[in-house]
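Below is a short report on a single protein chain. It moves from the whole chain to its core and then to one residue.

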Amino acid sequence: TQIDKRLAELETAKSELQNRIDVLDARKSQDIQKLAAIYNSIKPQSAGEILIEMDADFAAGLLAQMDNERAAAIIAAMEPKKAYAVSLKLATRSQQ
């Protein structure tokens, strides 16, 4: 029937869209990992000054990709309120 045909078309479109989303998610993850590697090479004080300007969610995602010791040094270099906000986001990432 025409309904079955349309349903099959929609299922195909849904599958193609999910494939595109998966590719974009993989690219985004690679970009974040590359950026984390860059920030790993910056002095913690300088990186902390830059991360202060970032959205707390984004900064937390970036720090989560970094070596723990380096991330800790960067958080320590941040102003306390921002360090707290980023730390809170890091702590609750798995709950989202």
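What percentage of the 96 residues of the protein chain count as buried? The value is 23%. The model is a predicted one.

**Overall build**

The protein chain holds five helices and zero strands. In sequence order the pattern reads α-α-α-α-α. The radius of gyration is 19 Å, whereas a compact globule of 96 residues would have one near 12 Å. The extents of the C-alpha trace tell the rest: about 65 × 25 × 20 Å along the principal axes. Contacts were also sorted by sequence separation. Among those in the protein chain with a separation of 6 or more, 70% join residues 24 or more positions apart.

**Surface and charge**

The accessible surface of the protein chain is about 7,100 Å². Carbon and sulfur atoms account for 53% of that surface. The protein chain carries 13 positive and 14 negative charges.

**The largest nonpolar core**

This core has 17 residues. Y39, L51, L63, M66 and V86 touch the most other members. Each helix in the table supplies at least two residues of the core.

| Helix | Residue range | Supply to the core |
|---|---|---|
| α1 | residues 2-40 | at least two residues |
| α2 | residues 44-51 | at least two residues |
| α3 | residues 56-64 | at least two residues |
| α4 | residues 68-76 | at least two residues |
| α5 | residues 80-92 | at least two residues |

Which helix gives the most to this core? It is α3, with five residues.

M66 is one of the core residues that touch the most other members. Beyond its neighbours within four places in sequence, M66 is in contact with A36, Y39, N40, A71 and I74. Of these partners, A36, Y39 and N40 fall within the range of α1 (2-40). A71 and I74 fall within the range of α4 (68-76).

**A56**

A56 belongs to helix α3. Is A56 buried or exposed? A56 counts as buried because its relative accessibility is 13%, and the cut-off for buried is under 20%. Setting aside residues up to four places away in sequence, A56 touches K82, A85, V86 and K89. S29 is 27 residues from A56 along the chain. The C-alpha atoms of A56 and S29 are separated by 17 Å.

Note on methods
Residues numbered from 1 in each chain as written. Predicted model: local features only at pLDDT ≥ 70, side-chain atom pairs only at ≥ 80, totals over all residues. Heavy atoms only, no water. Core = buried A, V, L, I, M, F, W, Y, C linked by side-chain atoms within 4.5 Å. Buried < 20%, exposed > 50% of the residue type's maximum accessible area, 1.4 Å probe, protein only. Helix = DSSP H or I, 4+ residues; strand = E, 2+ residues; numbered from the N terminus. Contact = heavy atoms within 4.5 Å. Rg over C-alpha atoms; globule rule 2.2 N^0.38 Å. Areas by Shrake-Rupley, 256 points an atom, 1.4 Å probe, with all protein chains shown as cover. Lys, Arg positive; Asp, Glu negative; His and termini not counted. Charge placed at Lys NZ, Arg CZ, Asp CG, Glu CD.
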